[in-house]
Amino acid sequence: MRIIIKINAIGYELMENEEKCSPLMTAIAEIEGTTSIVVAADLLSNTHGGKGVLLGGIPGVPPADVVIIGADMAGTVAARAALALGACVKVFDDDINELRTLQHVLGQKVFTSNFHPNVLKNAFKSADVAIGAMNYYNKPRQYVISEDLIRSMKKGAVIIDLSMNQGDASKQPVW
């Protein structure tokens, strides 16, 4: 007995509206961005063996340093959530227009930069949290953070990668 099943499959990440935006990916990115900060705050707490760091600090204790790679929707929402908790936030992206939009939306409280190697290196050295939030769909390049850059981070720092499901980056530029 032969069974024939007909399936219509749609890649939701490729669906776009008239403005060339993907409403489903936007909603997912908003959830990812907010959740990444909540998870980072939880992992930094001493409840799970973390360093016992509060993202926003308290009087006499500096706030946590949060580095976000990517100024698209997930990165912007993560930056907004981290700022709301009082963290010191640095956002990096290769698209100056994305950084400009993020700065306009979130204000001067957030540090923005393109990928200057020394600036990125210094940011990772002081980071308590690093979030990879680059959107690679329909983009010509992907980036990979080098192991040396990760090793330079503080002991107990948290790394969250929101971009790992977007394809093989093994042959891409490395910082």
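Reader: In β5, which residue is the bridge partner of Gly132?

Author: Asp161 is the partner of Gly132 in β5. Strands are DSSP runs of E with at least two residues, helices are runs of H or I with at least four, and both are numbered from the N terminus. Two strands pair if DSSP finds at least two bridges between them. This is a predicted model, where local features need pLDDT of at least 70, side-chain atom pairs count only at pLDDT 80 or more, and totals for chains, interfaces and linings use all residues. Residues are numbered from 1 along each chain as its sequence is written, and side-chain values use heavy atoms, with hydrogens and water left out.

Reader: How many bridges join β4 to β5?

Author: Four, and the two strands run parallel. β5 covers residues 158-161. Four bridges also join β1 to β4, again parallel. There, Ile69 stands opposite Gly132.

Reader: Are the faces of β4 covered or open?

Author: Start with the term. Buried means under 20% relative accessible area, exposed over 50%, and partly exposed in between (1.4 Å probe, protein chains only). Both faces of β4 are covered. Val129 and Ile131 are buried on one side, Ala130 and Gly132 on the other.

Reader: Which residues does Ala130 touch?

Author: Contact means heavy atoms within 4.5 Å. Leaving out residues up to four places away in sequence, Ala130 touches Val67, Phe124, Met153, Val158, Ile159 and Ile160. The relative accessible area of Ala130 is 5%. Its C-alpha atom is 6.3 Å from that of Ile160, 30 residues apart along the chain.

Reader: Which residues of α4 are buried?

Author: In α4 (residues 117-126), they are Leu120, Ala123 and Phe124. Seen down the axis, the buried residues of α4 fall within an arc of 95°, so they line one face of the helix. The arc is that of the directions from the helix axis to the C-beta atoms. These residues pack against β1 (65-69), β2 (88-92), β4 (129-132) and α5 (147-151).

Reader: Is Ile10 buried or exposed?

Author: Exposed: Ile10 has a relative accessible area of 65%. Ile10 is found in the segment before α1 (23-44).

Reader: How do I read the whole chain?

Author: Follow the order of elements. There are five helices and five strands, in the pattern α-β-α-β-α-β-α-β-α-β. Buried residues make up 37% of the 175 residues. Of contacts between residues at least 6 apart in sequence, 63% join residues at least 24 apart.
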